[in-house]
Amino acid sequence: MINHWLMKSEPTEFSIHDLAQRPGQREPWDGVRNYQARNMLRDQMRQGDLAFFYHSNCAEPGIVGIMRIVQEGYLDPTAFDPENTHFDPKSHPGNPRWYQVDVELVRIFPYILPLRELKKHPELANMPLVQRGNRLSIMPVSEEEWKFILRFLHEAQKSNRGGA
DNA sequence: GCCAACGTTGGC
DNA sequence: GCCAACGTTGGC
């Protein structure tokens, strides 16, 4: 049984379209500097797990597609690089603080599933994403939530085709 | 261990 | 750009 996740990125920094352009459509998910998120990267994500790609801090925040975890947690090298914006002088190779996983694009949704929409559904009320003040950049998504979102997307696509 | 100050996140 | 919410830091 695989687990499901949601991973945030600011599209101005790294968008799902950037991921689509990478060789093999793969990329290390680096720069996470929050302990709760770190623990999930390091301890809980497994190869084959699926994750929603979420665009945050932008004109239309929302879920924009799906990716797969292709490499389990390993050291985030950007923490050791003084030139990097995610440099953390307190993280040392001998005593590393930050971890990353590698992700691979599975698909880009035909349109954004906006946060605005996600907030309307009581089925998703337990997601940290829709709760006030939540800043977690990586979070688990329950089986039920995952299925609900995919079903909603599918229904919306169908009615879109019919309506157009 | 407390807690005020500060920096960051991220929706709006 | 604003600002509420939150996590981290550091003095004590």
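Reader: Is Phe52 buried or exposed, and at what relative accessibility?

Author: The model is predicted, and every value here is computed from it. Phe52 has 0% relative accessibility, so Phe52 counts as buried.

Reader: How is a pair of aromatic rings described?

Author: A pair of aromatic rings is described by the distance of the centres and the angle of the planes. In this structure the count comes to six aromatic pairs. One of them joins Phe52 and Phe109: the ring centres are 6.5 Å apart and the planes stand at 65°, so this pair is edge-to-face; planes over 60 degrees apart count as such.

Reader: Which strands hold Phe52 and Phe109?

Author: Phe52 belongs to strand β3 (residues 50-55) and Phe109 to strand β5 (residues 99-114), so the pair ties together parts that lie 57 residues apart in sequence. Phe109, at 5% relative accessibility, counts as buried.

Reader: How do the rings of Phe52 and Trp146 pair?

Author: Their centres are 3.9 Å apart and their planes are at 20°, so this pair is stacked; the cut-off for stacking is under 30 degrees. The pair links distant parts of the chain, with Phe52 in strand β3 and Trp146 in helix α4 (residues 143-163), 94 residues apart. Both Phe52 and Trp146 are buried.

Reader: Which residues do ring pairs link into a cluster?

Author: The cluster consists of Phe14, Trp29 and Phe53, linked by ring pairs.

Reader: Where does the charged end of Arg42 sit?

Author: A ring can also have a charge over it. Here the charged end of Arg42 sits over the ring of Tyr99, 5.7 Å from the ring centre.

Reader: Which residues are around DNA strand C?

Author: Around DNA strand C are Tyr35, Lys90, Arg132, Gly133 and Arg135. By class, this surface has three charged residues, one polar and one nonpolar. Of the DNA strand C atoms within 4 Å of the protein, 65% belong to sugar or phosphate, and the rest to bases. In the side chain of Lys90, an N or O atom is 3.4 Å from a phosphate oxygen of DNA strand C.

Reader: Where does Ser91 lie, and which residues is Ser91 in contact with?

Author: Ser91 is in the loop between β4 (62-75) and β5. Its relative accessible area is 4%, so Ser91 is buried. Leaving aside neighbours within four places in sequence, Ser91 is in contact with Ala79, Phe80, Pro96, Arg97 and Trp98. A polar atom of the Ser91 side chain lies 2.9 Å from the backbone nitrogen of Arg97.

Note on methods
Residues are numbered from 1 along each chain as its sequence is written. Chains are lettered from A and ligands numbered from 1 in the order in which they are written. This is a predicted model: local features need pLDDT of at least 70, side-chain atom pairs count only at pLDDT 80 or more; totals for chains, interfaces and linings use all residues. Side-chain values use heavy atoms; hydrogens and water are left out. Helices (H or I, at least four residues) and strands (E, at least two) are DSSP runs, numbered from the N terminus. Buried means under 20% relative accessible area, exposed over 50%, partly exposed in between (1.4 Å probe, protein chains only). A charge sits over a ring if NZ of Lys or CZ of Arg is within 6 Å of the ring centre and within 35 degrees of the ring normal. A residue is near a molecule or strand if one of its heavy atoms lies within 4 Å of it. A polar contact is a pair of N or O atoms within 3.5 Å; within protein, one must be able to donate a hydrogen and the other to accept it, and residues adjacent in sequence count only if both atoms are side-chain atoms. Ala, Val, Leu, Ile, Met, Phe, Trp, Tyr, Cys and Pro count as nonpolar, Asp, Glu, Lys and Arg as charged, and the others, Gly among them, as polar. Contact means heavy atoms within 4.5 Å.
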